Structure formats: structure tokens, C-alpha cells
Amino acid sequence: MTAQADALELLSADHRGAMALCHALAALRARGAGGAEMFDLVTRLCLLQRVHGRIEIEVFYPGVRAPIGKGMLLDQAQADDWVLKVLIADVLAMRPADA
């Protein structure tokens, strides 16, 4: 398996993990779970996304940009990742009482 295929599989696995955490968060919210339980899941989701974003920035985007060059869709994805990075830092700085 190539490094690109490994990176794509890792990114796909991260997407599946993030979706599972989002579904678990929705289930907690639906049953009226307390802030500490939700905070734990949100923290896990943020940490997963932080690693995921780093892989995209360091491996995926350069690998895609090399053959296609400049592209609006890729530029937008990188801009979205930057915004998400800032939001994640803000969320991770919070405490359950801040929610």
C-alpha cells in the first residue's frame, strides 16, 4: 500500500470516527445528558479533528495540490480547516460550566 493510500484510509477512518462521536453526542443531547458527559465527547471529537486536520494539511493537501495545482475547492477546504482549527482551540479552552 502506498503512503497516499495509507493517508486516505486514515482520513476515511477519522471521518467514520467523527461521525460516530457526532451520533453519540446527538443521543446524549436527546436524552438530556449533563454537561460533563457532553463535554467529554466534544473534547474527544475536537482532539480527533485536530489530528485529522493536521494530516490533511501536512499530507493530503500537498499530495492533491501537486498534480492539480491551484483550485478553488482545495483552497476553500484549506480555509475551512483553518477556521475549524481556531474554533477547536476555543472549545478545548472551555470548561463544562462554560457550555
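1. Helix α2 supplies the largest share of the lining of the largest pocket, six residues. Helices here, like strands, are DSSP runs numbered from the N terminus (helices H or I, at least four residues; strands E, at least two). The model is predicted: local features need pLDDT of at least 70 and side-chain atom pairs count only at pLDDT 80 or more, while totals for chains, interfaces and linings use all residues. Residues are numbered from 1 along each chain as its sequence is written, and side-chain values use heavy atoms, with hydrogens and water left out.

2. The volume of the largest pocket is about 220 Å³. Two or more lining residues come from each of α2 and α3 (72-92). The lining consists of Gln49, Arg50, Gly53, Arg54, Ile57, Glu58, Asp81, Leu84, Lys85, Ile88 and Ala89. The search runs on a 1 Å grid over the protein atoms alone; a pocket is an open set of points with protein on both sides within 12 Å along at least five of seven lines, whereas a cavity is a set where a 1.4 Å probe fits but cannot get out, and lining residues have an atom within 4 Å of a point. Grid points are joined across faces, edges and corners, and the volume is the space filled by probe spheres set on the points.

3. Two of the lining residues, Arg54 and Glu58, also form a salt bridge with each other, at 2.7 Å from N to O. A salt bridge requires a side-chain nitrogen of Lys or Arg within 4 Å of a carboxyl oxygen of Asp or Glu. Both residues belong to helix α2 (residues 35-68) and sit four residues apart, about one turn of the helix. Arg54 is exposed, at a relative accessible area of 54%. On this scale buried means under 20%, exposed over 50%, and partly exposed in between (1.4 Å probe, protein chains only).

4. The whole structure contains four salt bridges. Among them is Glu9 with Arg16, whose closest N and O atoms are 3.0 Å apart; Glu9 is partly exposed, with a relative accessible area of 41%. Another pairs Arg31 with Glu37, at 2.9 Å from N to O. Of these two, Arg31 is exposed at 56% relative accessible area, and Glu37 is partly exposed at 39%.

5. Asp14 is placed in helix α1 (residues 3-30). Apart from neighbours within four places in sequence, Asp14 contacts Leu48, His52 and Ile55, where contact means heavy atoms within 4.5 Å.

6. Glu56, in helix α2, is likewise worth a look. Glu56 is buried and has no salt bridge, the nearest side chain of opposite charge being that of Lys85, 12 Å away. With neighbours within four places in sequence left aside, Glu56 is in contact with Leu11, His15, Tyr61, Pro62 and Asp81. Asp81 also lines the largest pocket.

7. Leu8 lies in helix α1 and counts as partly exposed at 44% relative accessibility. Leu8 and Glu56 are 48 residues apart along the chain, with 9.3 Å between their C-alpha atoms. Ala7, also placed in helix α1, is buried, with a relative accessible area of 12%. From Ala7 to Gly71, 64 residues apart along the chain, the C-alpha separation is 21 Å.

8. There are zero disulfides in the structure, a disulfide being a pair of cysteine sulfur atoms within 2.5 Å. Cys22 is in no disulfide, and the nearest cysteine sulfur, that of Cys46, is 9.9 Å away. Cys46 is buried, with a relative accessible area of 8%, whereas Cys22 counts as partly exposed at 35%.

9. Cys22 is placed in helix α1.

Definitions and conventions
Lys and Arg count as positive and Asp and Glu as negative; His and the chain ends are not counted.
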